[in-house]
Amino acid sequence: MKWRYDEDLVTYGMGGLGGHAQSLFGAPGANGEGGFGNGHILYVPSDVTALTNLLAAAPDRNFLLIGTDGTNLSRILADSAGTPNFHALMAQSVTSASTIIGHTTISNPSWTTIQTGVWMETAGVSNNVFTPWTYDNWPTVYNYLEGTFGDMVDTVVIANGEGTVSGINTRIAGAGAFPADSIEFVPQVAGDTDWTATQILTGQKAQAAIAAADPNKGNFIFVSLAGVDNNAHQYGGDSPQYAASLRTLDAVLGSQTAGGGGLLGAVYDWEATYNEEWDILVVTDHGEIGPDQFGRGHGFQSPLETATFLIWDQAGTDMTNNGYINNAWQTVSVTPTILDAFGLTPPAYMQGAPITSASFDNTLFDPGDNLYSVLNQTFATQGYPDVPDTLRLNSRTVAATIPYLVYGPIQSVVDAVPSFLQLPVSWIGAGIYQTLNIPAQIYIRFTGVTGNQIIPPILNPFLP
């Protein structure tokens with residue numbers, strides 16, 4: 001983001017959220033413009049003293065968010081020899097054996113929750129089709145950091161992925177009024193069928209970003225790793241290939257020690273160089289079934305699919321709450337936690353409190369020497385929603401998946417035809433897609449998705 005200089009300091013504020021539709025076919029109202037500014041322009045004073053004061057108030061905070069798609073912590077816990085770095089991190093952190101029971105267990109909805117602080121039903125996202133207008137209505141963590149601090153905080157996103165969900169997190173990072181500063185999608189390495197090389201390459205790029213972080217600014221880095229999920233879709237969440245992908249993930253994670261390698265090794269080296277610390281939060285979007293069922297992996301309400309986790313290693317708390325558990329935390333708290341770390345009060349509409357909030361003090365638990373077994377017991381006791389909710393949520397997944405299944409093939413056809421045919425073919429494809437999508441959006445509204453738009457503002461998502 002580039003600063004705009006003006007004669008007077010005008011404090012920028014995010015616009016108010018639009019009102020929600022009161023009827024089935026209504027659409028949520030648009031967000032208000034930024035307060036005390038000219039729309040989405042952030043003003044900084046030309047007066048040297050005022051500018052110096054503003055820069056001095058910028059948060060010198062460093063935050064690493066590690067997102068791993070479709071990762072069951074219970075399967076990491078069952079392989080202590082193969083995942084020593086995860087076990088070591090849990091021993092120096094606070095862990096939540098969380099769950100998204102009662103919510104859609106699909107990647108795009110779940111990552112939207114993680115990066116906006118509202119549940120996917122509120123945001124209106126039910127499948128893996130990217131809808132950019134969602135993040136105009138529900139700003140992302142990047143929108144808040146960039147809209148508030150601009151160049152005083154560097155926001156970096158590095159992610160891999162596959163198929164029609166490729167780059168879903170890079171797309172989210174680029175959406176809204178104030179996208180992340182640096183966004184890099186890492187495509188699957190040619191011939192890398194088990195995603196080992198792609199995961200390692202993504203980790204290396206993220207390590208480089210950590211090493212290059214400016215100690216004179218605030219830094220937020222999100223690295224998103226999808227290889228575990230991709231192996232689950234191909235082979236099942238209980239397969240040897242899935243287990244191997246967890247070991248690769250563990251190597252990418254690394255150890256927060258001298259020479260520990262991986263992401264945490266890069267953090268250790270940076271901290272030793274600059275005498276500053278990083279907040280570290282590891283999260284997953286959903287779990288995976290096993291054995292494989294036609295490559296679906298997740299989407300319904302079994303305990304393996306709804307199981308999530310958070311591992312929180314807060315800067316400056318090296319001797320506090322090590323090896324503790326707080327199962328009250330949920331993935332919807334990720335964005336509020338990041339905003340809180342950078343000195344911002346999460347807006348009242350967000351549906352999760354920062355995990356540092358005093359409201360969670362009474363749910364913090366010291367398992368003593370039984371950290372891993374207690375976490376395992378927690379996952380083992382997670383069940384299904386009641387029967388009506390299970391049927392409602394499963395039917396939502398089926399309805400939302402129908403238009404999603406045609407989205408990718410239509411896009412492939414549009415991309416494949418000669419350029420002079422792309423426009424008419426895209427509109428034909430859009431007609432087919434919306435014939436399925438609009439009824440699906442009507443149905444999922446009945447299942448409790450309050451924020452979706454029945455008639456999307458972009459009728460042709462395939463325009464070349």
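In which loop does Trp-195 lie? The tour below reaches that residue after a view of the whole chain.

**Before selecting anything**

This is a predicted model, in which local features need pLDDT of at least 70, side-chain atom pairs count only at pLDDT 80 or more, and totals for chains, interfaces and linings use all residues. Residues are numbered from 1 along each chain as its sequence is written, and side-chain values use heavy atoms, with hydrogens and water left out.

**The whole chain**

Display the chain as a cartoon: 17 helices and 10 strands are present. Helices (H or I, at least four residues) and strands (E, at least two) are DSSP runs, numbered from the N terminus. Of the 464 residues in the chain, 54% are buried; buried denotes under 20% relative accessible area, exposed over 50%, and partly exposed the range in between (1.4 Å probe, protein chains only). A contact requires heavy atoms within 4.5 Å. Among contacts between residues at least 6 apart in sequence, 74% join residues at least 24 apart. Switching to a surface display shows an accessible surface of about 18,300 Å², with 58% belonging to carbon and sulfur atoms. Accessible areas come from the Shrake-Rupley method with a 1.4 Å probe; for residues, only the protein chains shown count as cover.

**Trp-195**

Select Trp-195, which lies in the loop between strand S6 (182–186) and helix H9 (196–211). Its phi is near 70°, a positive value in a residue other than glycine. Trp-195 counts as buried because its relative accessibility is 0%.

**Gly-290 and Pro-291**

Next, select the peptide bond from Gly-290 to Pro-291, which is cis, with omega near 5°. Pro-291 is located in the loop between strand S8 (279–283) and helix H13 (303–306).

**Asn-321**

Move to the loop between strand S9 (310–313) and strand S10 (324–325), where Asn-321 lies. Asn-321 is a residue other than glycine with a positive phi, near 60°. Because its relative accessible area is 27%, Asn-321 is partly exposed.

**The nonpolar patch**

Finally, select Val-398, Ile-402, Ile-428, Ile-432 and Leu-436, which make a nonpolar surface patch of about 430 Å². Patches are made of residues with over 30% relative accessible area and no salt bridge; like charges are joined within 9 Å, and nonpolar side chains (Val, Leu, Ile, Met, Phe, Trp, Tyr) within 5 Å. A salt bridge is a side-chain nitrogen of Lys or Arg within 4 Å of a carboxyl oxygen of Asp or Glu. Helix H16 (387–416) and helix H17 (419–446) each supply at least two residues of the patch, and H17 gives the most, with three. Leu-436 lies in helix H17 and counts as partly exposed because its relative accessibility is 32%.
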